[in-house]
Amino acid sequence: KVLRNVLGVKAEVDIPATSAQFGCSRVAPTIARVLKTFKERAVANLPSERQIYAEFTSPVYSAVALYLTARKHKIKVDRKQLILAMALTEEEFSAVSESMHTACFDIIGVGQSTDKKRKAEEEEDDEEESFQERVVKSEEPKSTSKKIASRPLLVKQSKLSFAPAIRYKVE
């Protein structure tokens with residue numbers, strides 16, 4: 001990345017090609033819409049002095065939009081392969097992922113918003129307490145011992161067998 005910056009090389013991600021590589025070409029228009037919406041909302045949240053300097057050309061934004069959109073549409077995309085293909089770090093991917101998920105929850109949100117999650121967790125705690133009260137009131141629990149079957153852990157090794165759809169331009 002440092003070498004690219006020194007040489008003035010800009011990386012551009014081709015969304016249709018990248019989405020095809022990861023098996024989610026049918027959601028390419030949605031990925032583009034998520035990126036556009038995120039850019040608009042992120043710029044709107046910045047102070048006016050910083051809005052003109054906002055830049056979203058890094059491949060991390062396209063990668064995160066692809067990953068979150070695929071997850072919303074229940075398409076499996078290997079996060080580690082995506083990070084590797086786009087030459088990203090886990091930290092920058094996670095940071096952008098969190099902010100994009102928050103900004104575009106209405107489009108790519110999976111699960112519940114934080115307020116709904118908190119309410120659901122409180123309800124689960126209440127249900128757990130009532131369950132514990134029922135257990136105490138019931139007869140003595142029968143002692144049953146179950147053996148947990150141990151299975152060998154299968155680890156799937158994946159190899160990156162394609163080139164990322166990133167084009168480099170020298171300015």
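Arginine 41 sits partly exposed in this predicted model, with a relative accessible area of 30%. Its side chain meets that of aspartate 106 in a salt bridge, at 2.8 Å from N to O. Arginine 41 belongs to helix 3 (residues 28-45) and aspartate 106 to helix 8 (residues 105-108), so this pair ties together parts that lie 65 residues apart in sequence.

Arginine 79 lies in helix 6 (residues 79-85) and glutamate 90 in helix 7, so the parts being tied together are 11 residues apart in sequence. Arginine 79 is partly exposed at 23%, and glutamate 90 is partly exposed too, at 36%. As background, side chains of opposite charge can pair when their charged atoms come close.

Here are the two pairs next to each other:

| Arginine 41 – aspartate 106 | 2.8 Å | 65 residues |

Now for helix 5, which runs over residues 59-72. Its 14 residues reach 20 Å from the first C-alpha to the last, close to the 20 Å expected at 1.5 Å a residue. The helix is mostly covered, with 12 of its 14 residues buried. Among those buried residues are Pro59, Tyr61, Val64, Tyr67 and Leu68. After helix 5 comes lysine 74, whose phi is positive, near 60°.

What does serine 97 touch, once its neighbours within four places in sequence are left aside? The contacts are Val64 and Leu68, both of them on the list of buried residues of helix 5.

Finally, the cysteines. Cysteine 24 is buried at 0% relative accessibility, and cysteine 104 is likewise buried, with a relative accessible area of 0%. As for disulfides, the structure holds 0 of them.

Methods: Residues numbered from 1 in each chain as written. Predicted model: local features only at pLDDT ≥ 70, side-chain atom pairs only at ≥ 80, totals over all residues. Heavy atoms only, no water. Disulfide = S-S within 2.5 Å. Buried < 20%, exposed > 50% of the residue type's maximum accessible area, 1.4 Å probe, protein only. Contact = heavy atoms within 4.5 Å. Salt bridge = Lys/Arg side-chain N within 4 Å of Asp/Glu carboxyl O. Helix = DSSP H or I, 4+ residues; strand = E, 2+ residues; numbered from the N terminus. Expected span 1.5 Å × (residues − 1).
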